[in-house]
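Subject: Structure handover

Hello,

Here is the structure I promised to pass on. Please open it first, then read my notes below.

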Amino acid sequence: SMLEVASARGIRPVLTTMPHTLDPSKPAGQNMYRAGQIDQANAVMRDIAAMNGDRVIFVDIDELMTGKMEEVFVDLAHVTEAGRMAKAEAIAPAILEDLLSRPDLPQQGE
């Protein structure tokens, strides 16, 4: 219903997946079973994004970071400043690309 409300108001929400470490030696190592729950939630988010493609901005941060950027994880899912920057550097261009592609919004220089 949140997507319906946002769409009715001309808002395109940003949906993302949640990355996590695959390293059991991280502080949350004893809770690594929760990674399966994160993977399930990410699958649901991907499905929601696929069903609402033009109504949402989707950034798959899990695909970007999980198993590829282990050095930024301090525990199962929390990240360092470098991890937060990686997330921002993935999300910001997606938002900018969406804004620049929308004919209903004034473009730069107008």
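A polar contact is a pair of N or O atoms within 3.5 Å; within protein, one must be able to donate a hydrogen and the other to accept it. Keep that in mind for Glu70, which comes up next. One caution before that: this is a predicted model.

**Glu70**

Glu70 sits in the loop between helix H3 (61-65) and H4. A polar atom of the Glu70 side chain lies 2.9 Å from the backbone nitrogen of Leu22. The Glu70 side chain also reaches the backbone nitrogen of Gly67, at 3.5 Å. Leaving aside residues up to four places away in sequence, Glu70 touches His20, Thr21, Leu22, Asp23 and Lys26.

What about charge partners for Glu70? Glu70 is buried, yet has no salt bridge. The nearest side chain of opposite charge is Lys26, 5.3 Å away. A salt bridge needs a side-chain nitrogen of Lys or Arg within 4 Å of a carboxyl oxygen of Asp or Glu.

**Salt bridges**

How many salt bridges does a search of the whole structure find? The search finds six.

Start with Glu4 and Arg55. Their side chains meet in a salt bridge, at 3.2 Å from N to O. Glu4 lies in helix H1 (residues 2-8), and Arg55 in the loop between helix H2 (34-51) and strand E2 (57-59), so the pair ties together parts that are 51 residues apart in sequence. Arg55 is partly exposed, with a relative accessible area of 22%.

Next, Arg46. Arg46 forms a salt bridge with Asp60, and their closest N and O atoms are 2.8 Å apart. This pair links distant parts of the chain: Arg46 is in helix H2, while Asp60 is in the loop between E2 and H3, 14 residues apart. Arg46 is partly exposed at 27% relative accessible area. Asp60 also counts as partly exposed, at 21% relative accessibility.

Arg46 has a salt bridge with Asp62 as well, at 2.7 Å from N to O. Asp62 lies in helix H3 and Arg46 in helix H2, so this pair ties together parts that are 16 residues apart in sequence. Asp62 is buried, with a relative accessible area of 10%. Salt bridges with shared partners join Arg46, Asp60 and Asp62 into one network.

**A surface patch**

Last, the surface. Val14, Ile95 and Leu99 form a nonpolar patch there, with about 200 Å² of accessible area together. Ile95 is in helix H4 (residues 81-101). At 32% relative accessibility, Ile95 counts as partly exposed.

Best wishes

How values were computed:
Residues numbered from 1 in each chain as written. Predicted model: local features only at pLDDT ≥ 70, side-chain atom pairs only at ≥ 80, totals over all residues. Heavy atoms only, no water. Patch = residues over 30% accessible without salt bridge, like charges linked within 9 Å, V, L, I, M, F, W, Y side chains within 5 Å. Areas by Shrake-Rupley, 256 points an atom, 1.4 Å probe, with all protein chains shown as cover. Helix = DSSP H or I, 4+ residues; strand = E, 2+ residues; numbered from the N terminus. Buried < 20%, exposed > 50% of the residue type's maximum accessible area, 1.4 Å probe, protein only. Lys, Arg positive; Asp, Glu negative; His and termini not counted. Contact = heavy atoms within 4.5 Å.
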